[in-house]
Amino acid sequence: MRTSRADTLERLRAGPIDLLVIGGGITGARIALEGARVGLRVALVDGGDFAGGTSSASSKLVHGGFRYLPMGDIGLVRESQHERRVLMESVAPNLVRPIPIVLPVYEGSPRGPGAVAAGLLLYRALAGRGGRTAILNQGAARGVVPSLRTNGMRMCGMFEEAETIDSRLVLATVKGAARYGALVLNHAQVIGLELRNNRGGVVTLDAGDDGLIELRTKHVISAAGPWVDHVRRLDDASAIPLVRLSKGVHILLPLECGWRAGVAMPLEGGRVTLAIPWQGMLMLGTTDTLFTGNPSDVHVTPADVREILDEASGFLPGEMLRPDRIRFSIAGLRALPIMDGDTAAARREHLIEVSHSGLVSVAGGKLTTHRLIALDALRRLPEPGIDGLSPDSRRLPGTGLGLPLETATRLDLDIADHLERMYGDESGRLLALAAATPDGLERMHPSGPDIWAQADYAFESEWAATVDDVARRRTTLAVRGLMTEEIAYRIRSRMSNQPRRSLMEVVPIGG
């Protein structure tokens with residue numbers, strides 16, 4: 001069957017539902033999926049786009065938490081290692097892929113060779129299967145990261161992590177929730193909450209041109225990320241803040257040839273600076289600074305860029321780090337526990353609060369452990385069948401085997417690889433749409449692998465409603481620095497030629 005924005009709005013107005021999930025990032029999407037899987041009538045809403053906030057501004061790593069070992073978070077590291085393996089092998093194998101990370105130690109590094117070697121041994125022991133580590137000589141280190149600075153290097157370790165296309169992982173999870181029966185709606189902001197302690201209540205949504213919706217629901221879970229305290233104040237105007245916000249910035253540069261690993265270099269204060277080969281580019285970051293403004297106003301500043309480039313100069317040559325080489329920059333916000341000290345030292349475990357009226361608020365945690373966080377939030381609901389629930393480890397939509405060989409050979413190699421990575425077993429549907437469109441197989445920009453059929457598919461099947469939805473989260477145009485006014489105009493033209501509602505084919509799990 002098919003669902004559409006218009007149909008979703010009609011069903012939300014008709015109500016009632018069992019559970020409204022506020023926030024379409026990775027945690028909210030997984031809460032919706034798991035809730036619908038156990039038979040709850042679930043709706044997932046986001047004031048912007050799915051993955052429009054923190055969940056598309058991550059370090060693109062599904063990581064085991066090596067940096068958390070010095071903090072003593074052994075349990076978090078063990079959980080993270082297990083979840084990384086499950087996501088990589090079962091849940092989203094085309095979106096979560098292994099990547100080795102080198103860990104150089106230079107003269108003056110905050111941790112010496114002995115401490116790093118001990119950390120690698122502990123990390124491998126906690127990881128079990130798939131926890132390979134190694135000590136590299138300078139030649140081997142340059143073999144996997146040709147640009148790595150070796151002068152002053154005292155040792156170099158290597159350990160295994162995984163990288164992901166974070167916005168596509170969120171979208172695949174939203175699709176999984178829809179396939180279990182959840183109603184999903186983006187660009188619909190919660191502006192009112194009237195809850196009565198798990199005895200039902202009314203939530204008011206502002207759906208833009210589609211008007212206001214008064215949604216009747218039994219329970220509400222807020223996974224609104226940086227906006228979690230804003231939602232809590234809708235429920236209780238006197239609510240004391242639950243979290244403080246930390247700004248993390250990443251920048252993207254052209255990728256030098258030959259990189260077969262990422263780099264993580266420890267800094268003073270418990271921070272780590274990263275260089276990750278991602279989507280044919282090199283991503284550097286991240287910052288970790290207290291943010292006190294409106295979450296909607298977060299942006300990259302020149303000081304953020306200088307900090308990232310200065311830190312990367314500790315292990316990369318200066319000619320790689322010229323500001324004029326930056327293609328794109330990303331600013332996101334982490335929700336962290338309120339405590340004394342720097343945000344970099346704050347624990348990365350998640351927080352859950354249940355208000356007097358029954359609003360469940362969840363914040364913080366890591367992308368890697370989002371399935372566990374989702375279940376922890378669901379268990380706060382007085383509903384049968386949830387307490388003993390384990391995470392669903394079945395494969396998400398669009399994450400299976402990709403293009404048939406005969407189809408792939410008719411495409412440019414970079415396009416074929418890109419579509420298989422982005423769409424998995426939905427690649428065939430996208431190419432069928434491309435074949436029905438005169439310019440469907442045309443590159444959106446001559447320097448990138450995205451094709452015009454992806455824009456059509458985004459509007460028809462992936463809930464895209466704006467140019468930014470397409471350019472930033474359904475394709476890689478924006479992050480590659482390839483957006484132009486002409487491309488934006490063509491995307492708008494395709495958007496206006498689509499039916500006003502976005503269609504999403506809903507195939508039952510296992511179907």
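Is W463 buried or exposed? W463 is buried, with a relative accessible area of 7%. The model is predicted. W463 sits in the loop between α13 and α14. Its phi is positive, about 65°, although W463 is not a glycine.

Helix α14 covers residues 467–474. Of its 8 residues, 7 are buried, so α14 is largely enclosed by the rest of the structure. The buried residues are V467, D469, V470, A471, R472, R473 and R474. The cover over them includes helices α6 (166–179), α11 (413–423), α13 and α15, along with β17 (328–337).

Helix α13 spans residues 452–461 and helix α15 spans residues 485–497. Their axes come within 10 Å and cross at roughly 40°. That angle makes α13 oblique to α15. The crossing is right-handed. On the α13 side, the contact is made by W452, A455, D456 and F459. On the α15 side, I487, R490, I491, R494 and M495 take part. By class, the contact holds 6 nonpolar residues, no polar ones and 3 charged ones.

How do the axes of α3 and α4 cross, and within what distance do they come? Helix α3 (residues 74–91) and helix α4 (residues 113–127) have axes that come within 9 Å and cross at roughly 55°. That makes α3 oblique to α4. Again the crossing is right-handed: α3 passes α4 in that sense. From α3, the residues in contact are I74, V77, R78, Q81, R84 and R85. They meet L122, Y123, L126 and A127 of α4. The residues of this contact divide into 6 nonpolar, 1 polar and 3 charged.

The two pairs are set out below.

| Helix pair | Axes come within | Crossing angle |
|---|---|---|
| α13 and α15 | 10 Å | roughly 40° |
| α3 and α4 | 9 Å | roughly 55° |

Strand β13 (residues 262–266) runs antiparallel to β14, and 4 bridges join the two. M265 stands opposite T273 of β14. These strands form a hairpin with 5 residues between them. In that turn, G269 has a positive phi of about 85°.

Strand β15 (residues 281–285) also pairs with β14 in the antiparallel sense, over 5 bridges. Here P277 has L282 of β15 as its bridge partner. β14 and β15 form a hairpin with 2 residues between them. Q279 is in this turn, with a positive phi of about 55°. Q279 is not a glycine. It is buried, with a relative accessible area of 14%.

**Cis peptide bonds**

Which residue forms a cis peptide bond with G285? The partner is T286, and omega is about 5°. T286 lies in the loop between β15 and β16 (289–291).

Another cis peptide bond joins G15 and P16, with omega about -10°. P16 is placed in the loop between α1 (5–14) and β2 (17–22).

What does R216 touch, not counting residues up to four places away in sequence? Its contacts are R13, A14, G15, P16, I17, G201 and V202. Among them are G15 and P16, the two residues joined by a cis bond. R216 itself lies in strand β11 (residues 212–222). It is partly exposed, with a relative accessible area of 41%. L195 is 21 residues away along the chain, and the C-alpha atoms of R216 and L195 are separated by 9.7 Å.

Technical notes:
Residues numbered from 1 in each chain as written. Predicted model: local features only at pLDDT ≥ 70, side-chain atom pairs only at ≥ 80, totals over all residues. Heavy atoms only, no water. Axes fitted to C-alpha atoms, helices over the stretch in contact; angles between N-to-C directions. Parallel < 35°, antiparallel > 145°, perpendicular 65-115°, else oblique. Left-handed = near helix turned anticlockwise from the far one by under 90°. Contact = heavy atoms within 4.5 Å. Nonpolar A, V, L, I, M, F, W, Y, C, P; charged D, E, K, R; others polar. Pairing = 2+ DSSP bridges. Buried < 20%, exposed > 50% of the residue type's maximum accessible area, 1.4 Å probe, protein only.
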